[in-house]
Amino acid sequence: MTDKKRTGLSALADAGADSDDFSIIEAIGGPRGVVESMLPGVVFVVLFVATSNLNLTIAVSAVLALIQVLARLVQRQSLMGALSGLVAVGICLIWAWKSHEARNYYMLGFLTNTVYAVLLSISLAVRVPGLGLVVEFIRQMPTERFTAWFHDWMGDRDLKRAYMIITGLWTGLFALRLLVQVPLYMTDHVAALGVARLLMGIPFWALAIWVSYLIIATPMHRHVNSYRRDGETAEHE
């Protein structure tokens, strides 16, 4: 097994492990990952508020995003996070540039939060927790016997309940972001919108992952151990 720490929702897939070495800092990408995620947004809002020059703000933000990727390339470090961030920042910058409005830098975030909130709400309505699907898929990667995989964790009442709770938690997170930020967008308060996006970005994401881990760790640990005991019993029969 690799010692490389999983990040994001992938970190929750290890909640049932015997070791108790979960780190919220590692789960959100480590100190460098946090800086790389927040820096483009900080530079964008600060520079635009200070200069009111959208083209300059876009140019500096784009250069910064490229420098972050090049730095990882030179240091021969993982590029996946930096590249995905570059693509996201690129879309945001192009959106703002094409529309000639700084506030549209945040439009992609509104769309993704809306999609996530709707999908998770639907999953709650049909009693198949979306976060459970994601975490269990990462944990077991079902390439065959999908039905058995699905019923395995869905049939565990405590684990399913935990997944329903954290799915509701994340749905609330996405909805709260929209509730706070969309009015700021509609009234063109770019500075306040930028600050709200930063505060409700990585900090809220980290809090949601940490609380989710606390909720699912015990039922997942029980489920994993039960699965192992059943396997050992079957081998001895």
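Biologist: What is the handedness of the crossing where α2 passes α3?

Modeller: α2 crosses α3 in a right-handed sense. This is a predicted model.

Biologist: How do you describe the packing of helix α2 and helix α3 by angle and axes?

Modeller: α2 covers residues 30-51 and α3 covers residues 54-74. They pack at an angle of about 165°, with their axes 8 Å apart.

Biologist: What makes α2 roughly parallel or roughly antiparallel to α3?

Modeller: Angles over 145 degrees count as roughly antiparallel. The angle here is about 165°. Therefore α2 is roughly antiparallel to α3.

Biologist: Which residues of α2 and α3 make the contact?

Modeller: On α2, they include Val35, Leu39, Val43, Phe44 and Leu47. On α3, they include Leu54, Ile58, Val60, Leu64 and Ala71. By class, this contact of α2 with α3 has 13 nonpolar, four polar and three charged residues.

Biologist: Why are α6 and α8 called roughly perpendicular?

Modeller: The axes of α6 and α8 come within 7 Å and cross at roughly 115°. The class runs from 65 to 115 degrees. Therefore α6 and α8 are roughly perpendicular to each other.

Biologist: Which residues of α6 and α8 meet?

Modeller: From α6 come Gly130, Leu131, Gly132, Val135 and Glu136. They meet Leu159, Tyr163, Ile166, Thr167 and Trp170 in α8. The contact of α6 with α8 has six nonpolar, three polar and one charged residues.

Biologist: Which residues in α6 are buried, and what makes them count as buried?

Modeller: Gly130, Leu131, Gly132, Val135, Glu136 and Ile138 are buried in α6. The label needs a relative accessible area under 20%. After α6 comes Met141, with a positive phi near 45°.

Biologist: What makes a set of residues a nonpolar core, and which members of the largest core touch the most others?

Modeller: Its members are buried nonpolar residues joined through side-chain atoms within 4.5 Å. The largest core has 33 residues. Trp153, Tyr163, Trp170, Ile216 and Met220 touch the most other members. At least two residues each come from α5, α6, α7, α8 and α10. α10 gives the most, with nine.

Biologist: Which residues does Tyr163 touch, leaving out those up to four places away in sequence?

Modeller: Tyr163 touches Pro129, Leu131, Gly132, Val135, Glu136, Trp153, Ile216 and Met220. Another core, of 21 residues, lies apart from the largest one. Val89, Tyr105, Leu178 and Tyr185 are among its members.

Biologist: How many helices and strands does the chain have?

Modeller: The chain has 10 helices and zero strands. Of its 237 residues, 39% are buried.

Biologist: What share of the contacts with a separation of 6 or more joins residues 24 or more positions apart?

Modeller: Those pairs account for 68% of such contacts in the chain.

Key:
Residues are numbered from 1 along each chain as its sequence is written. This is a predicted model: local features need pLDDT of at least 70, side-chain atom pairs count only at pLDDT 80 or more; totals for chains, interfaces and linings use all residues. Side-chain values use heavy atoms; hydrogens and water are left out. Buried means under 20% relative accessible area, exposed over 50%, partly exposed in between (1.4 Å probe, protein chains only). Helices (H or I, at least four residues) and strands (E, at least two) are DSSP runs, numbered from the N terminus. Contact means heavy atoms within 4.5 Å. Axes are lines fitted to C-alpha atoms, for helices over the stretch in contact, and angles run from 0 to 180 degrees between N-to-C directions. Angles under 35 degrees count as roughly parallel, over 145 as roughly antiparallel, 65 to 115 as roughly perpendicular and the rest as oblique. Ala, Val, Leu, Ile, Met, Phe, Trp, Tyr, Cys and Pro count as nonpolar, Asp, Glu, Lys and Arg as charged, and the others, Gly among them, as polar. A crossing is left-handed if the near helix is turned anticlockwise from the far one by less than a right angle, and right-handed if clockwise.
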